[in-house]
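Q: Hi! I have a structure open here and would like to talk it through with you. Could you start with the terms you'll be using?

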Amino acid sequence: MRARTIVVILAVAAVLGLLTGRFVLPAPSDPATPTVTPGAVASSPGNGSPAPRPASGPMTNRHLLTAADFRNVGLAKHIYVRDRVGDGNYANAACTGEKTLGETLGSYGAHFRGLVTSKDTGHGDPTEAANIDDQVAREVADDAGSRALAQNYAERLLLEEVPCQSEPATHWVYGPTHTIDVAADITARWMGVYGGDLNTTGTAPRGKEPCGGVAILRNGSHYGVLEIDACLDTAAMTRIVRTAVTRL
């Protein structure tokens, strides 16, 4: 009798469940679908990597960008690398005074690297292409001797570029300042450059992509200036500047 009673009760429950739609069997668990807690953020694969350590000691050519770095952002032409040590101009346009690094900071033994697509150089400087259209980039960097002094130099170099963010209409102009913080004492600030045809108000146009630009780099006691003549957009500029300051 008890067994028959139990069967009858289960049958009645099943019928009532079909009528009301409230008798639901639990769905089988799917081990392939992770449980996500609202508000939680998935960690990226690189989050477990140790942060890079700020640089110290003498500057060497290995701290500078390479041709491969520019291939990684889409430049297909063969790039020649030209190095020298000394003094000279450093992305210092007319709107900032066209001074040399020695005149600005008293640094006469900086590392200069030119990345060019032609073997022809001009103006007596092997890091500069004879034709500006052949210049991909030019990087100038040195060791300040201390983190505090490197920070001071970087701030001064950045302030020198700021006047170029406001130029008469039809003149090329720098855009707003972007900041890239890689780690403590490893930071970069860059400005995109916009041609005169895009400068109709005296400042960079909104919603338009830059065509290269300039970056001020600081990594520990090292500092530098990177001028990008290749027509890189925001994404490519961010990537190459991050690479430059991390390696510096």
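A: Buried means under 20% relative accessible area, exposed means over 50%, and partly exposed is in between, using a 1.4 Å probe and protein chains only. This is a predicted model, so local features need pLDDT of at least 70, side-chain atom pairs count only at pLDDT 80 or more, and totals for chains, interfaces and linings use all residues. Residues are numbered from 1 along each chain as its sequence is written, and side-chain values use heavy atoms, leaving out hydrogens and water.

Q: Great. Is Cys211 buried or exposed, or partly exposed?
A: Cys211 counts as partly exposed, because its relative accessibility is 33%.

Q: And where is Cys211 located?
A: Cys211 is in the loop between β5 and β6. Helices (H or I, at least four residues) and strands (E, at least two) are DSSP runs, numbered from the N terminus.

Q: What does Cys211 touch?
A: Leaving aside residues up to four places away in sequence, Cys211 touches Val193, Ala230, Cys231 and Leu232. Contact here means heavy atoms within 4.5 Å.

Q: Switching topic: which residues touch the most other members in the largest nonpolar core?
A: That core has 28 residues, and Phe70, Leu217, Leu226, Ile228, Leu232, Ile240 and Val241 touch the most other members. The elements giving two or more residues to this core are α2 (67–71), β3 (135–143), β5 (186–194), β6 (213–219), β7 (222–228) and α5 (234–247). The largest share, 6 residues, comes from α5.

Q: What counts as a nonpolar core?
A: A set of buried Ala, Val, Leu, Ile, Met, Phe, Trp, Tyr and Cys residues joined through side-chain atoms within 4.5 Å.

Q: And which residues does Ile240 touch?
A: Not counting residues up to four places away in sequence, Ile240 touches Leu65, Asp69, Phe70, Val73, Ile228 and Leu232.

Q: Now β3. Why is β3 largely enclosed?
A: 8 of the 9 residues of β3 are buried, so β3 is largely enclosed by the rest of the structure.

Q: How do β3 and its partners pair up?
A: β2 and β3 pair in the antiparallel sense over 6 bridges, while β3 and β7 are antiparallel over 7 bridges. Two strands pair if DSSP finds at least two bridges between them. Val140 in β3 is the bridge partner of Phe112, and Val140 also stands opposite Val225 in β7.
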